[in-house]
Each structure stands twice: as structure tokens, then as C-alpha cells.
Amino acid sequence: MKDFAAIDFETANCERSSVCSVGVVIVRDGEIVDRFYSLIKPEPEYYNYWCTRVHGLCAKDTENAPVFPFVWEKVEALLYTHGIEGVNSMNGERGLPLVAHNKAFDESCLKAVFRVYQMDYPDYEFYCTCIASRKVWPGGHHNLDIIAERCGYILENHHHALADAEACAAIAVKIL
């Protein structure tokens with residue numbers, strides 16, 4: 001796979017709709033051509049201890065952040081500006097497929113927040129670098145930082161959405 005958008009969400013609490021940050025890395029012809037990061041006002045708007053402990057974000061960080069629909073407009077523009085394959089947009093253009101490490105989490109977050117804001121969810125084409133890594137390296141741990149390192153990428157700011165999306169992109173270029 002040479003053209004895709006690697007994506008990563010962080011959540012404020014255990015509700016999948018509570019996305020509080022997103023990182024997106026656009027890859028064309030196997031090279032990173034664009035990056036996007038944004039904080040997001042989560043819905044529901046509260047942070048639990050465990051999530052904050054993982055990513056370091058708290059209510060003060062997102063109190064003035066935009067809500068998801070405004071952030072997603074920017075992400076969607078990237079998907080279709082750079083896109084040639086994937087799902088159909090409203091204009092009939094083809095967007096990039098999405099790639100995540102543990103797509104079950106990120107895809108469920110995306111679907112949940114679309115439901116909360118009553119947005120029509122396109123059937124985004126989604127690939128998983130975690131599942132792919134299990135095929136390439138059976139056994140052992142398949143955490144994002146471990147697999148990224150196997151692919152030559154050192155993840156220095158794990159659980160920052162953009163850093164995680166960059167690591168995912170590096171993995172996808174190597175094994176998808």
C-alpha cells in the first residue's frame with residue numbers, strides 16, 4: 001500500500017465517542033506528504049484518571065478545542081485532496097483508505113463520534129497494521145511502539161495522536 005491516511009485517536013474516558021485528539025498522516029507513493037493534529041472537545045466531556053494517565057490530556061487542554069464535526073471537516077478535506085482510492089465523497093471523488101494500529105479501536109471511535117453528532121458515516125475503507133504485524137511476526141507482543149521499532153521507526157512520544165499516526169504510517173509502508 002502506497003497511498004493512505006494513517007489515523008490515531010485518543011479518548012478522554014471509556015466512551016468511544018470521547019475522542020479528545022486526532023492525528024492523521026497522509027502517505028502518497030510511500031512518502032509522508034501531509035500531517036494533521038488537533039485537540040477535540042470530547043463528548044461526553046469528562047476525563048477519567050486512566051485515560052489522562054495514558055496520554056496526558058485533561059479537561060483544561062480541550063476546554064476551548066473545537067468539537068468533532070469541525071475537526072473532521074479538515075480531516076476529510078485531507079482525505080479527498082490527496083485521495084485517489086477508497087470511499088466515495090459527496091462530490092464523487094475518491095478518498096484515501098484509513099490505516100490504524102488496532103483499527104478495532106480507532107474505527108469504533110470514529111463510528112461512535114459520528115453517531116453522537118448524527119453525521120452520516122461513509123463506509124471508510126480501514127486497514128489494520130496490528131493485524132498485519134501478527135501475520136508478519138507471529139507470536140510476541142504487537143504493541144505500536146514494538147512493531148514501529150521493528151520497521152525502523154522509533155516512537156518517542158507514544159500516545160500522542162500524531163506521533164502514533166506517524167508510527168502507524170511507518171509500519172504500513174513496510175508491511176501492508
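Hi everyone. Let's start with D3, which is buried, with a relative accessible area of 8%. Please keep in mind that this is a predicted model.

So who is D3's partner? Its side chain meets that of R28 in a salt bridge, 3.3 Å from N to O. That pair ties together distant parts of the chain: D3 sits in the segment before strand 1, while R28 belongs to strand 2, 25 residues away. R28 itself is partly exposed, at 23% relative accessibility.

Searching the whole structure turns up five salt bridges. Another of them joins E166 and R35, at 2.6 Å from N to O. Here the two residues are 131 apart, with E166 in helix 7 and R35 in strand 3. E166 counts as buried at 17% relative accessibility, whereas R35 is partly exposed at 45%.

Now over to helix 4, where K103 and E107 lie four residues apart, about one turn of the helix. Their side chains form a salt bridge of 3.4 Å, N to O. K103 is partly exposed, at 24%, and E107 is buried, at 14%. Salt bridges link K103, E107 and K111 in a network.

Last stop, the largest pocket, which holds about 340 Å³ of space. It has 18 lining residues, and the closest to its centre are D8, F105, H158, H159 and D164. Which element gives the most to this lining? That is strand 1, with four residues. Helix 1, helix 4 and helix 6 are also among the elements that each supply at least two. By type, the lining has six nonpolar, seven polar and five charged residues.

Conventions. Residues are numbered from 1 along each chain as its sequence is written. This is a predicted model: local features need pLDDT of at least 70, side-chain atom pairs count only at pLDDT 80 or more; totals for chains, interfaces and linings use all residues. Side-chain values use heavy atoms; hydrogens and water are left out. On a 1 Å grid over the protein atoms alone, a cavity is a set of points where a 1.4 Å probe fits but cannot get out, and a pocket is an open set with protein on both sides within 12 Å along at least five of seven lines; lining residues have an atom within 4 Å of a point. Grid points are joined across faces, edges and corners, and a volume is the space filled by probe spheres set on the points. Ala, Val, Leu, Ile, Met, Phe, Trp, Tyr, Cys and Pro count as nonpolar, Asp, Glu, Lys and Arg as charged, and the others, Gly among them, as polar. A salt bridge is a side-chain nitrogen of Lys or Arg within 4 Å of a carboxyl oxygen of Asp or Glu. Buried means under 20% relative accessible area, exposed over 50%, partly exposed in between (1.4 Å probe, protein chains only).
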